[in-house]
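Take a look at the sequence and the model, then read on.

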Amino acid sequence: MAVKLVAKPGEVEFPKGMEGVIANESRKSYVNGLEGKLYYEGITIQDLAEHSSFEETFFLLLYDRLPTADELAILKHRMTQYRNLPNEVYELIESVSAGYLAKPMSVMRTAVSMTALFDEAAEEETEAAFEREAIKITSRMATIVAAINRVREGKPIVQPRADLSHAANFLYMMRGEEPDEFDTKVMDVILVLHADHGCNASTFATLVVTSTLADMYSAVVGGISALKGPLHGGANQRVMKMLNEIGSADNVENWLADAVAKKKKIMGFGHRVYKAMDPRAVILHGYAKEVTKRAGTEDWLVMAEKIEKFMIEKLGQKGIWPNVDFFSGVVMSSMGIDDELFTPIFAVSRAAGWTAHALEQRKDNRIYRPRFVYVGPATQEYVPIDER
Ligand code: CMC
């Protein structure tokens, strides 16, 4: 039956927010929302978090299989080669990030876009060029975020090192000192957990741009823009804001009861696909125990666990469970990371998924071009401006 494309408002039923709509085929990742499971290329997120690394996971997403040791070494080498940024991009970051002037996600969006202007290969139209750009952009996102962090803290930008893993080098550039093994592992896990997640809003945005055959930088800038919002990547930052607002574990129940009664959205809970526990939240909860112990921030964890218990009891039956953003804020704050950096770090990781999906889309492309149901006036006369 043909869909009615001209109708009265509300007359035609459709899945708002494209819920349940199949956008395309993809082999990158699968979210089993009812059972609370996540797989990249069929491998569970638990296995990847425990045994893999960000670079290996990136290889898996890019090339649809795990690498051999040599292949992994080559990808790592290629990533380190691209770590540095054009001077003009460092200057841009310095000029807008000092004194906490501009928000990091906005600076990142502009810095990635500006990097393209200094990349002669940015618009090259070959498969080899797209693959190179995927690796280049994913590598450089970490340098951009670390530089933003340094300038915001009034400290000199730290140049990348080629002898460190992606996670270790990222923390090194953020802090100006080499991280220990534990912090490196935690950052690596954060990057692995956020690398891909089915047809989420930012990946879809990336693919809409890619489907027009626009370049990889433009596609990633589309992804960053979509990730920025509080309903998507911006939620983790607001979780910490909520913890600070609640103030202490004793206040959790009153605060939440009031918020739930007022139908407020509790950040770090709920998901379009998961109607069970987000497995990434379980993994981060595990790390939060050790990270908060080391940092002496156990109070945050106690509060977060109380919130989790309250929410599951009250709203679990409705399918509202903690998502990845709930514990990531506690983990990153305890590692001394400013909450404005949480979403940019999410982007550092998700760049792997965005670019891998963009390459997949390019191999069998058709432009995304859906329709609206038109609910405006059937016809009306044009009225000249001086007669209105
Ligand atoms: N707190 C309280 N109620 C909620 C929440 C929440 N966090 N999330 C959903 N609900 C309720 C919502 O009020 C609605 O209730 P009712 O049917 O009575 O009106 C029902 O659940 C369905 O919610 P929805 O907003 O229509 O669901 P959605 O699939 O459109 O939105 C979501 C999914 C993630 C945007 C939403 O759950 C939300 O806003 N959560 C808070 C923000 C957040 O944590 N986002 C991070 C998502 S995970 C990381 C990522 O992918 O970026």
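Start with the ligand: domain 1 (29-231 + 340-363) and domain 2 (235-334) both give residues to the shell around the ligand, so it lies between them. Keep in mind as you browse that this is a predicted model.

- The protein chain splits into domain 1, made of residues 29-231 plus 340-363, and domain 2, which covers 235-334.
- Going by C-alpha atoms, the centres of domain 1 and domain 2 are 25 Å apart.
- Where the two domains touch, domain 1 puts in 29 residues and domain 2 puts in 27 residues.

**Around the ligand**

- Count the residues surrounding the ligand and you get 22, with His232, Ile266, Phe269, Arg272 and Lys318 being the closest.
- The backbone of Gly268 has a polar atom 2.8 Å from an oxygen atom of the ligand.
- How much of the ligand does the protein bury? Taken alone, the ligand exposes 930 Å², and the protein buries 71% of that.

- Look for an open sheet of three strands, lined up in the order β1-β2-β3 and paired in antiparallel fashion.
- The edges of this sheet are β1 (29-32) and β3 (43-44), each of which pairs on one side only.
- β2 takes in residues 37-40, and its antiparallel pairing with β1 runs over four bridges.
- You can pick out partners along that pairing: Tyr30 has Tyr39 in β2 as its bridge partner, while Asn32 has Lys37 in β2.
- β1 and β2 also form a hairpin, with four residues between them.
- Check out Gly36 in the turn of that hairpin, where phi is positive at about 65 degrees.

Terms used:
Residues numbered from 1 in each chain as written. Predicted model: local features only at pLDDT ≥ 70, side-chain atom pairs only at ≥ 80, totals over all residues. Heavy atoms only, no water. Pairing = 2+ DSSP bridges. Helix = DSSP H or I, 4+ residues; strand = E, 2+ residues; numbered from the N terminus. Near = heavy atom within 4 Å. Polar contact = N/O pair within 3.5 Å; in protein donor to acceptor, adjacent residues only side chain to side chain. Areas by Shrake-Rupley, 256 points an atom, 1.4 Å probe, with all protein chains shown as cover. Domains from an automatic or database assignment. Contact = heavy atoms within 4.5 Å.
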